[in-house]
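Hello,

Here is the structure you asked about. Please look it over, then read the notes below.

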Amino acid sequence: MMKRDVTRLLGEQSRYWIGVVSASHVKLGVLGGFAQLCHGKSGPLKRMSPNDWLIYYSPRTDLAKGEALQAFTSIGQVADERVYEYQMSESFVPFRRNIRYIPCQEVKIADLLEKLSFTRGNRNWGYSFRYGHFEIGREDFLTIAGAMLGDADYITKYT
């Protein structure tokens, strides 16, 4: 199947998002089938719709003292309409959203810097990631997904 066929199968209504989260927190979300962004704020999750796609970028292995990673670490599709609170502790009740994650490999962003519209030719490419959540175009999504899945056609199994 050619790239344009994959694009057609993803649907015209789907949007594509990057979430910025440490790799250790990404693993918790993948295991639990949820997304949690921007220190638990609801806004980023509410901007997404069912069948949208989320790719996590992890600047570090752990939030506080983790090692530099700078990699895309997971990919999944928004499962439903629900944005909900989840009590993690007495003082921390973040918002979450259900995500259907698919198996993938970690991909260093350095390998894709010149292929993505939001990083190509940009010395300060990390600027886009500072807000913790942003929308990307379909072509950028397909480029990242193709690298993470070994083949962008693989994603058609999940649409």
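**Notes on the model**

M88 is partly exposed, with 44% relative accessible area (buried means under 20%, exposed over 50%, partly exposed in between, with a 1.4 Å probe and protein chains only). This is a predicted model, in which local features need pLDDT of at least 70 and side-chain atom pairs count only at pLDDT 80 or more, while totals for chains, interfaces and linings use all residues. Residues are numbered from 1 along each chain as its sequence is written, and side-chain values use heavy atoms, with hydrogens and water left out.

M88 sits in the loop between β4 (68-85) and β5 (95-102); strands (E, at least two residues) and helices (H or I, at least four) are DSSP runs numbered from the N terminus.

Strand β5 also holds I99. I99 is buried, at 5% relative accessible area.

Most residues other than glycine have a negative phi. C38 is not a glycine, yet its phi is positive, about 50 degrees. C38 lies in the loop between β2 (34-35) and α3 (43-47) and counts as buried, at 16% relative accessibility. N51, also not a glycine, has a positive phi near 75 degrees. N51 is in the loop between α3 and β3 (53-60) and is partly exposed, at 40%.

Regards
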